[in-house]
Amino acid sequence: MKNYERIKGMIAATFTPIKENGDINYDEIKHYADYLANTPIKGVFVNGTTGEFTSLTINERKKLLEVWIKEAGGRFKVICHIGSNCQRDSAELAAHAQANGADAIGSIAPSFFKPATVQDLVDYFIPIASAASELPFYYYNMPSMTGVNLPVDKFLSLGHRYIPNLVGTKFTHNNLMEMGACINLDGGSFEVLHGYDEILISGIAMGSKGGVGSTYNYIPDIYDGIFQTMEANDIETARVLQMKSIRTVEVIIKYGGGVRGGKAIMNLIGIKCGQCRPPIARMSKDEYDALYEDVNTLGFINRR
């Protein structure tokens with residue numbers, strides 16, 4: 001693998017800017033990237049759940065990655081999610097990511113026809129990861145969305161025998177026992193990127209050094225503070241900051257969850273992300289007005 005280094009700190013799961021007519025607003029990515037470059041965020045995770053990847057075409061996903069790499073300009077890492085229910089599509093996206101200069105790739109498990117065993121999951125990923133053999137590969141574990149709840153530590157242990165560029169997992173699950181098993185596997189050989197923003201403090205306490213999150217986009221200073229205070233063993237301050245994160249997550253849940261509610265907050269802070277694509281419902285003006293009031297009450301989201 002070329003230029004591989006472990007991730008430490010925040011990787012923002014990016015939203016996909018959408019125009020009013022439903023087309024992707026590629027031009028807004030420059031503004032988005034410039035904004036992120038002025039935060040403590042270390043990189044972006046493009047075309048993931050937050051980016052509505054299942055609602056995008058392959059060509060859209062390719063162009064989004066190309067634009068993100070261009071606009072990042074080396075200021076932060078660009079990790080590409082290449083997951084799909086079609087193995088060949090994922091391999092094509094992986095090869096494209098490598099050819100265009102992505103820093104790493106990650107993939108969620110297929111969620112319609114599901115792997116029944118750890119070996120099935122490994123076998124599914126072998127040709128995908130090998131299509132970008134020079135890039136670090138992360139297994140994106142999110143059983144709440146995929147319905148695939150196979151033991152991740154067993155996947156890492158078995159998978160590394162067949163997938164040389166397998167370096168770890170994006171662990172979007174609240175099973176901290178399993179997370180701990182992954183972190184301590186083979187003396188800490190694998191990266192475990194924390195994926196539940198509202199319990200980041202717990203993941204760090206278990207030993208995670210980095211995270212991928214959607215709410216990092218609009219309250220990055222809070223999460224940077226959690227990383228910094230946990231490293232300094234200032235648990236009380238970290239708890240205060242984590243509660244601010246929880247208050248924010250409560251708001252986005254009220255407005256339809258991390259993609260719908262979070263995307264609306266991005267619009268409020270001045271990044272023109274627009275509406276979500278169907279089947280996620282559009283945000284009405286009344287909802288935006290109410291969201292504005294709720295965000296204003298929080299007091300720690302900087303609106304523009």
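Five cavities of 30 Å³ or more are found when the whole structure is searched, a cavity being, on a 1 Å grid over the protein atoms alone, a set of points where a 1.4 Å probe fits but cannot get out. The model is predicted, so that local features need pLDDT of at least 70 and side-chain atom pairs count only at pLDDT 80 or more, while totals for chains, interfaces and linings use all residues. Residues are numbered from 1 along each chain as its sequence is written, and side-chain values use heavy atoms, with hydrogens and water left out.

The table gives volumes, each being the space filled by probe spheres set on the points, which are joined across faces, edges and corners.

| Space | Volume |
|---|---|
| Largest cavity | about 50 Å³ |
| Second largest cavity | about 50 Å³ |
| Largest pocket | about 930 Å³ |

Lining residues have an atom within 4 Å of a point. Those of the largest cavity include N3, Y4, K77 and Y138, and its lining divides into six nonpolar, one polar and three charged residues, where Ala, Val, Leu, Ile, Met, Phe, Trp, Tyr, Cys and Pro count as nonpolar, Asp, Glu, Lys and Arg as charged, and the others, Gly among them, as polar. In the second largest cavity, helix α11 (residues 260-268) supplies the largest share of the lining, four residues.

The largest pocket (an open set with protein on both sides within 12 Å along at least five of seven lines) is lined by 47 residues, of which T49, T50, M142, M145 and V259 are the closest to its centre.

Notes: Helix = DSSP H or I, 4+ residues; strand = E, 2+ residues; numbered from the N terminus.
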